[in-house]
Amino acid sequence: MDQISSAIDKCFSSLITDTDIKNVNDRKEEFNKFKNTGIPSNKYENWKYSSLIKDINNFSDLTISKKKPNVNLKKNLFDFSHDKIFLVDGILHDADINEKGLKISQYNNFKKIGNNNPLVCLNNAFACNGFELEVKENSKVKKPLVIYNYFTSQMPSTFINFQHKLVLNSNTELVVFINNIFQNNSKFFCNNVTNVELKDGAILKNYSTHENNKSSSLFNFYNVDLGYSSNFEYFNYINNTSSCRDEININLNGENAFASLANLQILDQKYNHESKWVINHNKENTKSSQFLKTALHDSSHSVFQGKIYVNSIAQKTDGYQLSRALLLSDLAKFTAKPELEIYADDVKCSHGSSSGSIDEDSLFYLRSRGIDEKDAKKMMIQGFLAEAVQKITDKNFQQLFLNKLALSNEY
Amino acid sequence: MTKSEDLIKKYKENSEYTHGFVTDIETIEVPKGLSEQTIKFISKQKQEPEWMLAWRLKAYERLKKMKEPNWQKPKYPKIDYQDLYYYSAPKSLKDQPKSLDEIDPEIRKTYEKLGIPLEEQKRLSGVAVDAVFDSVSVATTFKDELKKIGVIFCSISEAIKEHPELVKKYLGSVIPLTDHYFATLNSAVFTDGSFVYIPPGVRCPMELSTYFRINASNTGQFERTLIIADKGSYVSYLEGCTAPMRDENQLHAANVELVALDDAEIKYSTVQNWYPGDKEGNGGIYNFVTKRGACRGKNSKISWTQVETGSAITWKYPSCILQGDNSQGEFYSVAITNNYQKADTGTKMIHLGKNTKSKIISKGISAGNADNTYRGLVSIHPKAKGAKNFTQCDSLLVGNKCGAHTIPYIENKNSTSDIEHEATTSKISDDQLFYCRQRGLNQEEAVSLIVNGFCKEVLQQLPMEFAVEAQKLVGISLEGSVG
């Protein structure tokens, strides 16, 4: 543990001596905020079940490099027509944007994301990279925007800090698909913070995949502010990530705002994944939905901490939360903390959580119809997980993820 | 005044905290403060054997190194443990009464006011009562009859003297000395409580009951209850509590330990009606209680039922450790908070044995400026094959200044287990109210009826004698919260 904090200290002192770095004082302030807790321990309520921090504590050295590695960007492209952003090893590499109304720029200003989470403070102190994306008023972007996020095999850094910003002005629409590509087998720690601002009537559909990441420790943080009648849809496809924590903080600040979060997870070996979602209903007539489906093999571990907070003025709130897990091995673990904190009386809030094994009766039914055990199990797990894909409202992407699920070998 | 207004007035008069009287009797108290002296004094007063004192001092040593927890939702001002009295007993008890008739008439009157079946009523209701007044067990009724079938039902101080082998074996075996702050505090300074032992194969023929009352001001009440159900036995135990109205907050930190051996069943019911403080939130009891049951034997069962209507702050989690194969744990709870009351309550179900089952039904109701939190843990360990859990926690909000919170922790480490959790939050709908009012019920009656319906699943679990009282309490506690 001391090793990691001295490694971070070392990185920070070399960072602030760099002449290109701006806002040094603000960074120092944020860094001191981080130092108050350091890498949080399991004793903190919010990090109670976290495996990520254990993995971070195993780092003895961290390096930050500004070198741009060579990578063939033409590979791995999707065959449907889309706009592209390329991120390579934590640096905005290239962008190919043709749609009107979309404006992209290199993120280079220090913009603090106010949060007490020590890892967000750490990100505020270090982040020098990322992109800023703005959708101009009344533009409904037709083509999806795909963000290719490469972690290459020649990655020079082991400590990566991104900070992205997405602003959707009034009456806009955008579909973003984040395709994380891991070519790297060495250990690194990536801290990624995204700030999303949805103005009145804006609609953002945010999909992402997270596959075959064998060695990294990832921390992803989303902060989303929603205005009047805006809509945020989030879907994350997680298949074998070594160690990852996804935190999403949603603020429903305008009436009729709606946020829908969904996760599909397949984990095996010793992999672990945590989701910590907080939804703050701050205005009347706001709606939210949280939906998780998880299949756990081997000695994998999944954690879900979801919270619905309803302010006393947020009457007519509708909050929904469901997390379900299949435990497919004796060593797999599922931990959930579905929380409600409600201060308004005219609300409809419910949460459900279940975990268990494959239903023996259903398995028997399938086998009695001549399907062998392996296929029967596969069918049931796929059916179970596919429900999460149904939460996607964009038909093309729904199909894309269904195909992905069908082709997956992880059963 | 119209007839209905008259009725409301009458209803209101009846429904104030009616147990808020102080009994004027002489008490002996130890000098203030928590120290080795105090503990030695308590032990001496109770003529305890050496080993008991050593046990208490060990707890005290441990306590010195511990910190008060502060993760709970309802925060409270710091308690000055040196400003508390740890022992208070009615003086006339010094020369122990031999029978009920010898009891101080003042104390008897107190119990009559409370409506506890101590004398004539005892035959009618068939309840055996162990009444604890401040810190000392006053009288245990029906003792002889229970003795005939081998049931031991007495105060814990008596048990320490007369059944040391049982007490030594089980005391602290469910809630160890080294548990959390308040449990350890209790282990050091506990003054009295009940002790129950049901011998193998005996089905206790009547409901056993304890009645707690905090009378002296500035005292903490630290009672300790130990119930052991030997192989194949059954017992149902009731607990009720009240306290006089006082401006300052009083601490109540009890420990309750249950042990169920093979095929045994324990049913533990609580109706908690400590003084909740006035309408502005002054005074009231801090109810920081540790209750834990261990299903040690195969096929054993422990069932907790609680109706929590009183106390300024309720902070407790009656739990079950399901060690034996096929053992079962149940938790039924109604927690009602009104005005400035706060509750943080729930349960822990720890599944260790094979095919263990647990069921949690929790109903939280908050009104006024109250805060009501359900916090629970369901933990299935790797060896608990075929374990099952079902949890349902519903909250009802009356008014928009109160809060209802649900914080369940679910840990599943076994693939053959099933865990289900459900929670909803709602309010009393206008349709329901309209329907009731249309049929001639006034607003308060309608609310009381709807709330009683909401809690029905839990109230049904209470033994008859308590069910009626609990229903009334539910109505009274919400008094003044609507309209």
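Biologist: Which strand of chain B pairs with strand β17 of chain A?

Modeller: Happy to start there, keeping in mind that this is a predicted model. Strand β17 covers residues 348-356 of chain A, and its pairing is antiparallel, over 7 bridges. Within this pairing, A:His351 stands opposite B:Ala423. The partner strand, residues 418-427 of chain B, is β24.

Biologist: And inside chain B, how many bridges join β22 to β24?

Modeller: Strand β22 spans residues 388-398 of chain B, and it runs parallel to β24(B). One residue pair to look at is B:Phe390 with its bridge partner B:Glu420 in β24(B). The number of bridges joining β22 to β24 is 10.

Biologist: Turning to the whole of chain A, why can it be called as compact as a globular protein of its length?

Modeller: Chain A has 7 helices and 17 strands. For its 411 residues the globule rule gives 22 Å, and the chain is as compact as a globular protein of that length because its radius of gyration is close to that, at 21 Å.

Biologist: Is B:Gly172 buried or exposed?

Modeller: B:Gly172 sits in the loop between α8 (164-170) and α9 (181-189) of chain B. Leaving out residues up to four places away in sequence, B:Gly172 touches B:Trp55, B:Arg224 and B:Glu257. Its relative accessibility is 18%, and the cut-off for buried is under 20%, so B:Gly172 counts as buried.

Biologist: How far apart are the C-alpha atoms of B:Gly172 and B:Glu257?

Modeller: Along the chain these two are 85 residues apart.

Biologist: What is the phi of A:Asn138, roughly?

Modeller: Most residues other than glycine have a negative phi. A:Asn138 lies in the loop between β4 (131-135) and β5 (145-151) of chain A, and is exposed, with a relative accessible area of 52%. Although A:Asn138 is not a glycine, its phi is positive, at about 60°.

Biologist: And B:Gln47, where does that residue lie?

Modeller: B:Gln47 also has a positive phi, near 45°, in a residue other than glycine. At 58% relative accessibility, B:Gln47 counts as exposed. Its place is the loop of chain B between α2 (36-45) and α3 (50-64).

Notes. Residues numbered from 1 in each chain as written. Chains lettered and ligands numbered in written order. Predicted model: local features only at pLDDT ≥ 70, side-chain atom pairs only at ≥ 80, totals over all residues. Heavy atoms only, no water. Pairing = 2+ DSSP bridges. Helix = DSSP H or I, 4+ residues; strand = E, 2+ residues; numbered from the N terminus. Rg over C-alpha atoms; globule rule 2.2 N^0.38 Å. Buried < 20%, exposed > 50% of the residue type's maximum accessible area, 1.4 Å probe, protein only. Contact = heavy atoms within 4.5 Å.
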